[in-house]
Amino acid sequence: MAKDVLLEELNPQQKEAILYSKGPLLVLAGAGSGKTRVITHKFAYLTKKKKYHPSSIFTVTFTNKAANEMKERIARFVGSDMRQSWIGTFHSQCNKILRREIKALGYKPDFSIYDDDDQCNLIRHILKELKIYEALYKGVASRISILKASLISPEEFLSQGDGFSFDEKLGRVYLKYQDELKRCNALDFDDLIMLTVRLFEENPKLLSKYQEMFPYILVDEFQDTNHAQYRLLQLMARHKNICAVGDDDQSIYKFRGADVSNILNFEKDFPDAMIIKLEQNYRSTQNILDVSGAVIAKNPQRKPKKLWTEKGCGEKVIYCRLNTEEEEARYIARNIKDLYLKGNYEYSHFAILYRINLQARAIEDALREEVIPYHVISGVSFYHRREIKDIISYMKLALNTDDNVSLRRIINSPPRGIGASTLSKIEHEAKKNSVSLFAAIKLMLKSNNITSSIKDKISEFVKIIEKISSTHHKTAADMLKDIVEKTGYIEDIEEERLQNILELVSSAENIPIKDFADRVALVSTTDDEPKKASVSLMTLHSAKGLEFPVVFVTGVEEGILPYFKAIDDASEMQEERRLFYVGMTRAKDILCLTAAKKRRLYSKVQEQEPSRFLQDIPKECCNWIEKVQQKTEVIPEPAKLPPKKRASAYTVGCRVKHPAWGIGVVRDCCEEGSNTKLTVNFPGIGIKRLVAKYANLERI
Ligand SMILES: Nc1ncnc2c1ncn2[C@@H]1O[C@H](COP(=O)(O)OP(=O)(O)OP(=O)(O)O)[C@@H](O)[C@H]1O
């Protein structure tokens with residue numbers, strides 16, 4: 001391949017990023033500046049010009065979909081088979097390493113992988129056992145996930161605590177959770193990274209083997225790496241040949257442990273690092289870039305960038321504030337219809353983005369009313385459907401009979417008369433003998449302590465699993481067909497679920513069983529794709545990496561964007577600003593920001609203030625439309641709630657200053673008799689209930 005072909009259709013900075021291969025390189029790539037193009041071309045350049053073998057470049061992408069696209073593009077480019085290449089997400093790369101090496105950590109290599117659902121099921125089970133309020137399971141799961149992303153073990157976490165607070169309980173749950181995972185011979189997503197780091201830290205020989213195997217490392221979406229992922233890269237990059245591509249302004253996964261300081265500190269950790277900025281944007285008009293650029297410029301901790309485009313100014317950005325969320329939704333639907341009818345856009349060219357899922361309700365109603373086809377991205381993904389998870393759980397249990405979470409899921413699915421009391425006997429037996437649930441069932445079958453009817457039922461279940469597990473299946477599809485047949489799962493099943501199972505089986509044709517099980521375990525909702533011929537609805541987080549000709553960013557209001565939980569915390573506020581920025585920079589031609597004056601949130605109607613981010617928008621780039629009537633029609637409260645009069649001087653989400661407790665955020669306000677009663681959260685102090693006229697508060 002001639003050098004110029006490889007460097008064709010690249011701007012000078014992109015070229016420089018591709019040609020530089022002498023040491024650590026950070027490519028600070030602004031939104032829409034062609035990150036994917038740089039990584040793909042760089043991979044091709046390294047293999048074709050620098051003679052790296054394609055399987056010696058450790059390439060990390062953000063989603064499986066991005067990895068597959070990259071493999072296809074590179075294969076077309078360099079003309080070689082990319083099946084043996086190491087291009088994938090952090091999770092899939094670590095899974096590959098651990099399948100080969102995990103014995104060194106005392107695990108068996110046929111471990112199961114637990115996704116978020118499995119993780120939550122296990123945590124609920126543990127909370128129940130430890131008699132801790134079960135409904136907390138989601139919060140507990142996310143705290144544990146963040147601890148793992150920070151490489152903090154349960155023992156370390158427990159040793160840091162005071163032995164009394166909620167964290168002590170959390171520490172105990174975390175400890176038990178890790179024990180249970182080990183007992184199940186299972187790893188959750190965070191373990192895949194954490195254990196690979198541990199593997200390398202504890203086994204220097206193994207580490208140097210992988211350092212030799214991968215003399216070059218390429219990382220996409222570097223701004224969203226968490227501490228564990230970054231540590232892994234530091235360990236592996238012995239040769240310092242690492243090229244990280246990212247945009248600090250698009251770091252939006254703090255809640256999952258992503259740490260934007262990884263990108264901000266890259267030069268400190270890799271002292272000779274070369275920094276190249278990509279500032280030419282190929283996606284949006286200059287008006288969109290100026291508006292989004294002015295908003296993000298207000299973030300104090302960032303690497304400054306000034307995006308520009310050759311596309312010209314384009315249409316002004318629209319900001320429209322309406323009376324209610326229903327009016328906001330109708331405004332969006334009508335605008336989509338108008339633009340569609342003018343013939344310049346297909347429905348698939350539109351995206352409607354929102355901060356929180358519940359905003360979608362009014363929007364969906366309005367789209368249906370206008371008969372506009374739409375789909376919601378990141379709903380229940382295919383692999384999270386009940387019937388699919390059930391069938392996959394049979395597969396997982398047959399491959400690893402220690403997998404208690406899968407066994408609990410399917411022991412009575414399809415129904416075979418094994419109820420909660422039998423399961424609790426099995427749990428008891430397993431605990432008594434320190435064995436898996438499956439082994440416990442087998443012990444029970446040998447004893448005389450259970451009735452013959454229970455014996456028949458559990459014996460039937462054991463036979464099914466053992467038959468599936470002992471049969472030699474050539475491919476994953478054969479195994480799935482066998483599962484469907486032996487379990488009777490599709491008898492009496494609804495048509496839609498049946499079709500889903502058939503789809504699953506056909507997707508497994510000619511794929512080795514273990515590869516298929518890993519692939520299914522590692523898919524995530526971020527792999528969902530926009531569908532053809534309909535409008536896409538999604539959260540701002542799900543919009544990452546996508547682009548659409550027309551984008552509506554909705555609910556640009558205080559309390560929503562920025563989200564009320566972030567308002568008291570400076571670093572969370574920076575993240576909210578980045579989230580807004582990511583949303584705006586998805587737009588190619590038309591960007592419309594919308595807001596409502598009143599909105600029903602968590603079954604209350606609230607007065608909404610326009611988002612503080614709007615103040616930063618240069619007005620000359622924007623068409624400012626206020627469709628707010630002074631006297632708006634009041635949205636009735638749901639009947640079951642006692643009517644509360646809204647207080648006029650304070651609104652939920654507004655900030656107040658108290659002489660002793662400092663700044664707080666109003667969580668609730670209502671009028672009772674002649675008194676305005678407020679519930680205010682003062683960070684570090686707690687929630688206080690106050691009567692406004694006596695509280696000496698200043699609204700700020
Ligand atoms: N040198 C170039 N010439 C023309 N078009 C380009 C060039 N580089 C990239 N593009 C185009 O720019 C668009 C944006 O590229 P890409 O999706 O890779 O951006 P990105 O940097 O990943 O954006 P974001 O981070 O905002 O998701 C794509 O349509 C791509 O084909």
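In the predicted model, helix α5 spans residues 90-101 and comprises 12 residues. The distance from its first C-alpha to its last is 16 Å, close to the 16 Å expected at 1.5 Å a residue. Buried positions in α5 are F90, H91, S92, Q93, C94, N95, I97 and L98.

An open sheet is formed by six strands, arranged in the order β3-β2-β6-β7-β1-β8, with parallel pairing. From one strand to the next, the twist averages 15°. Within this sheet, strand β1 (residues 25-29) and strand β7 (residues 242-246) run parallel and are joined by four bridges. In this pair, L28 is positioned opposite G246 of β7.

The protein is divided into domain 1 (10-100 + 198-279), domain 2 (111-183), domain 3 (289-378 + 527-624), domain 4 (381-520) and domain 5 (652-697). Between domain 4 and domain 5, the C-alpha centres are separated by 54 Å.

Helix packing was examined for α16 (residues 325-342) and α17 (residues 360-369), whose axes come within 8 Å and cross at roughly 45°.

Conventions
Residues are numbered from 1 along each chain as its sequence is written. This is a predicted model: local features need pLDDT of at least 70, side-chain atom pairs count only at pLDDT 80 or more; totals for chains, interfaces and linings use all residues. Helices (H or I, at least four residues) and strands (E, at least two) are DSSP runs, numbered from the N terminus. The expected span of a helix is 1.5 Å times one less than its number of residues. A residue is buried if 20 or more other C-beta atoms lie within 10 Å of its own, exposed if 12 or fewer, and partly exposed in between; C-beta atoms are placed from the backbone. Two strands pair if DSSP finds at least two bridges between them. Axes are lines fitted to C-alpha atoms, for helices over the stretch in contact, and angles run from 0 to 180 degrees between N-to-C directions. Domain bounds come from an automatic or database domain assignment.
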